[in-house]
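Subject: Model handover, with notes on helix packing and salt bridges

Hello,

Here is the model for you to look over. Please open it alongside this message, as the notes below go residue by residue.

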Amino acid sequence: AATEFISYGVGANTEVRDELYLQILKQLTRNPLVEAVPESRERLFELLLVCMGTFAPSEDMERYTIMFLRENAPDSIPYIRFTSALHELQYGGKASTPSPTSLASRINELKESEGSRFSLKRKGRAK
């Protein structure tokens, strides 16, 4: 299901990509079902991370998503990982949709990244 969601965003126009981002953010905002199951919240943030490394939102949606993440990024995935994934995509080239078998390794790769060569790194800041 996650790979289908991601592949849909890769071939979509900006409005559809923004809608996909909004659907994830909506699920992460005051959703009692997600709050009751911490693994669901973690999986949604992982999906958002892969989306940010696979297809970019519009500039307005990017700003909204970045502000959301500044306030809500989980401890398990520091804020810088999300922005780094997006910067690598925007300035480093195109990413392909991960296959169902490679999705877990793509998530780990993005979560463990030291940061994009295109991102500003601030000393002493983990998020």
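Below are my notes on helix contacts, one threonine and the salt bridges.

A caution before the details: this is a predicted model.

**Helix α4 and helix α7**

Start with helix α4, residues 38-52, and helix α7, residues 103-112. Their axes come within 10 Å. They cross at roughly 80 degrees. An angle of 65 to 115 degrees counts as roughly perpendicular, so α4 and α7 are roughly perpendicular to each other. On the α4 side, the contact is made by Glu42, Glu46, Leu49 and Val50. On the α7 side, Leu103, Ile107, Leu110 and Lys111 make it. By class, this contact has five nonpolar and three charged residues, and no polar ones.

**Helix α1 and helix α4**

Helix α4 also meets helix α1, which covers residues 2-10. Here too the axes come within 10 Å, and the crossing is at roughly 30 degrees. The crossing of α1 past α4 is right-handed. From α1, the contact uses Ala2, Phe5 and Ile6. From α4, it uses Leu47, Val50 and Cys51. What classes do the residues of the contact of α1 with α4 divide into? Six are nonpolar, with no polar and no charged residues. Val50 is worth a look: it is listed in the contact with α7 and again in the contact with α1.

**Threonine 65**

Next, threonine 65, in helix α5 (residues 59-72). Is threonine 65 buried or exposed? Its relative accessibility is 1%. Buried means under 20%, so threonine 65 counts as buried. Setting aside neighbours within four places in sequence, threonine 65 is in contact with Tyr21, Leu25, Leu48 and Met52. Leu48 and Met52 fall within the residue range of α4.

**Salt bridges**

How many salt bridges does the structure hold? Four. Side chains of opposite charge can pair when their charged atoms come close. Three of the bridges are described here.

One is in helix α4. Glutamate 46 forms a salt bridge with arginine 43. The closest N and O atoms are 3.1 Å apart. Glutamate 46 and arginine 43 are three residues apart in α4, so about one helical turn separates them. Their accessibilities fall into separate classes. Glutamate 46 counts as buried, at 8% relative accessibility. Arginine 43 is partly exposed, with a relative accessible area of 48%. Glu46 also belongs to the contact of α4 with α7.

The others described here are in helix α5, and they involve arginine 63. Arginine 63 meets glutamate 59 in a salt bridge, at 3.9 Å from N to O. These two are four residues apart in α5, so they are separated by about one helical turn. Arginine 63 also forms a salt bridge with aspartate 60. In that pair the closest N and O atoms are 2.4 Å apart. Arginine 63 and aspartate 60 lie three residues apart in α5, about one turn of the helix. Salt bridges with shared partners join Glu59, Asp60 and Arg63 into one network.

How accessible are the members of this network? Arginine 63 is partly exposed, with a relative accessible area of 48%. Glutamate 59 is exposed, at 57%. Aspartate 60 counts as exposed, at 55% relative accessibility. The cut-off for exposed is over 50%.

Best regards

Methods:
Residues numbered from 1 in each chain as written. Predicted model: local features only at pLDDT ≥ 70, side-chain atom pairs only at ≥ 80, totals over all residues. Heavy atoms only, no water. Axes fitted to C-alpha atoms, helices over the stretch in contact; angles between N-to-C directions. Parallel < 35°, antiparallel > 145°, perpendicular 65-115°, else oblique. Contact = heavy atoms within 4.5 Å. Nonpolar A, V, L, I, M, F, W, Y, C, P; charged D, E, K, R; others polar. Buried < 20%, exposed > 50% of the residue type's maximum accessible area, 1.4 Å probe, protein only. Salt bridge = Lys/Arg side-chain N within 4 Å of Asp/Glu carboxyl O. Left-handed = near helix turned anticlockwise from the far one by under 90°.
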